[in-house]
Amino acid sequence: MSEILEFVDVSKHYGAIKAVDHVSLSVKQGEFFSLLGPSGCGKTTLLRILAGFEQPDTGRVILGGQDVTDLPPYERKVNTIFQSYALFPHLSLWENIAFGLKVAKRPKKEIKEEVDKMLALIQMEDQAWKKPDQISGGQKQRVAIARALINKPRVLLLDEPLAALDLKLRQRMLIELDLFHDEVGITFLYVTHDQGEAMSLSDRIAVMSHGSIEQLGTPAEIYEAPRTSFVAAFIGDTNFFDGIVAGPLQKHSPFGGTRPVPVDKEYSRLIIGDLPDLECYNDKQIKEGERIFLSVRPEKLRISREPPKTAPHLNVIEGTVEDVIYLGAQTKYWVKVGAYRISVIQQHSRFLLDEIPIKWQEHVWLSWHADDGFMLEKYDEQDENLILTPPEEVGETMEDVPIAVAASEEEYRGDSAAEVPVS
Ligand code: ATP
């Protein structure tokens with residue numbers, strides 16, 4: 001796949017705020033690519049720079065091999081979908097979809113053919129003459145997508161397009177978006193703060209924080225091998241253990257005994273506060289004495305009433321169950337181990353009613369393989385609110401948790417009414 005879009009060292013400041021900080025990335029032709037990050041991390045600014053509504057302070061934007069940095073919005077072949085649809089209320093759905101081709105003065109026959117194709121794609125042929133206020137939110141979003149796709153943009157920009165829809169509709173629209181993307185073969189650049197949306201739709205994701213890209217990779221790469229503690233905390237749940245690398249492990253001897261055995265540089269021993277020493281695969285070769293976070297995802301931990309069978313590189317700790325949340329397909333446990341409250345997810349692969357489930361206040365063993373944890377750098381204090389500490393008691397509020405302030409939609413959309421129909 002060739003590259004359709006490149007940001008080359010793009011930066012944008014608003015006064016003292018670094019909205020985008022030296023971002024370089026490229027998107028391949030036909031890819032479903034997501035910019036994912038918390039509110040205020042710079043996703044929308046990057047999209048606006050691509051659409052031509054913001055000028056970067058530094059850097060270039062290359063679209064379809066052409067440097068478009070200094071081109072006005074209407075000369076870039078991109079279209080944007082917003083969460084608020086921005087349909088023309090006085091026009092029918094048919095006319096809304098036809099708008100871009102009419103502005104481009106395409107022949108009537110072509111316009112009819114293309115609009116009919118788009119109505120078939122979104123399966124709304126029988127509603128073509130309705131007005132936007134006669135259809136549901138999900139249908140409006142489908143029309144907005146059809147209206148954008150008809151212009152055959154090089155890249156379709158989608159800025160939190162599902163944010164205004166309720167949960168069920170959002171789940172349905174996720175599948176539809178995926179189908180539209182497969183059907184039309186156009187590159188989608190999707191902006192969201194919702195990791196579930198990004199994970200389920202994207203070929204690749206760029207995780208952003210404070211205007212920079214923290215990690216770029218496939219959903220599985222980002223989830224299974226987060227490169228920073230910010231990514232580990234933002235994508236899915238994780239447990240963090242605060243520790244120090246205490247050097248390499250001695251190799252496990254199959255013969256036992258006390259004879260000295262060579263060290264195993266692939267694994268390190270970690271000293272973690274009042275927990276027993278733990279083992280972790282040290283692919284980054286982090287040196288002895290370094291302070292790290294050991295990150296272990298809740299589903300990588302096993303919970304049992306009996307101590308697990310010892311095995312090479314198996315970490316085992318004991319604790320007391322503090323909370324049990326039955327979720328149908330799985331149960332979530334919170335287990336107190338020393339100063340830590342550890343989250344564990346256990347899948348129900350067997351008929352649960354035949355078993356005696358682990359209950360509140362039981363003494364349990366937690367275990368995980370050293371390969372299933374990651375050593376990461378300690379996160380920034382500003383990112384601390386991403387690591388959601390569960391409430392300690394019923395009724396505890398999140399009032400003190402700082403929430404990043406987002407630009408208002410009007411502020412963001414600015415001249416968007418003019419953006420919509422033009423490609
Ligand atoms: P959200 O999901 O809330 O829209 P985002 O990741 O898209 O967040 P941006 O909207 O790109 O983030 O904003 C990045 C930073 O730049 C934020 O701190 C924001 O307040 C600031 N910012 C964005 N637009 C402007 C503007 N026109 N004037 C001043 N500051 C701005």
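Visitor: What is the hand of the crossing of H2 and H4?

Guide: The crossing is right-handed. Keep in mind that this is a predicted model.

Visitor: Why are H2 and H4 called roughly parallel to each other?

Guide: Helix H2 covers residues 93-103, and it packs against H4 at an angle of about 30°. The cut-off for roughly parallel is under 35 degrees. The pair is therefore roughly parallel. Their axes are 7 Å apart.

Visitor: What makes the contact of H2 with H4?

Guide: From H2 come Leu93, Asn96, Ile97, Phe99 and Gly100. They meet Val143, Ala146 and Arg147 in H4. By class, that is 5 nonpolar, 2 polar and 1 charged.

Visitor: Which residues meet where H4 packs on H5?

Guide: On the H4 side they are Gly137, Gly138, Gln141, Arg142, Ile145 and Leu149. On the H5 side they are Leu169, Arg172, Met173, Glu176, Phe180 and Val184. The classes are 6 nonpolar, 3 polar and 3 charged.

Visitor: Why is serine 295 called buried?

Guide: Serine 295 has 22 other C-beta atoms within 10 Å. The threshold for buried is 20 or more. Serine 295 therefore counts as buried. It sits in strand S14, residues 291-296.

Visitor: What does serine 295 touch beyond its sequence neighbours?

Guide: Leaving out residues up to four places away, its contacts are Pro226, Ser229, Ala232, Thr238, Phe240, Gly373, Phe374 and Leu376. Take leucine 376. It is 81 residues from serine 295 in sequence, yet the C-alpha to C-alpha distance is 7.1 Å.

Visitor: How do you know that S1 and S2 pair?

Guide: S1 (residues 3-14) and S2 (residues 17-28) share 8 bridges. At least two are needed to call a pair. The sense is antiparallel. One of the links joins valine 10 to its bridge partner in S2, valine 23.

Visitor: What lies between the strands of this hairpin?

Guide: There are 2 residues between S1 and S2. In this hairpin glycine 15 has a positive phi near 55°.

Visitor: How many bridges join S1 to S4?

Guide: There are 5 bridges. Again the cut-off is at least two. S4 covers residues 58-63 and runs antiparallel to S1. Here glutamate 6 has isoleucine 62 as its bridge partner in S4.

Visitor: What is the overall picture, in helices, strands and burial?

Guide: The protein has 10 helices and 20 strands. Of its 423 residues, 37% count as buried.

Visitor: What share of the contacts join residues at least 24 apart?

Guide: The share is 69%, taken among contacts between residues at least 6 apart in sequence.

How values were computed: Residues are numbered from 1 along each chain as its sequence is written. This is a predicted model: local features need pLDDT of at least 70, side-chain atom pairs count only at pLDDT 80 or more; totals for chains, interfaces and linings use all residues. Two residues are in contact if their C-beta atoms, placed from the backbone, lie within 7 Å. Helices (H or I, at least four residues) and strands (E, at least two) are DSSP runs, numbered from the N terminus. Ala, Val, Leu, Ile, Met, Phe, Trp, Tyr, Cys and Pro count as nonpolar, Asp, Glu, Lys and Arg as charged, and the others, Gly among them, as polar. A residue is buried if 20 or more other C-beta atoms lie within 10 Å of its own, exposed if 12 or fewer, and partly exposed in between; C-beta atoms are placed from the backbone. Axes are lines fitted to C-alpha atoms, for helices over the stretch in contact, and angles run from 0 to 180 degrees between N-to-C directions. Angles under 35 degrees count as roughly parallel, over 145 as roughly antiparallel, 65 to 115 as roughly perpendicular and the rest as oblique. A crossing is left-handed if the near helix is turned anticlockwise from the far one by less than a right angle, and right-handed if clockwise.
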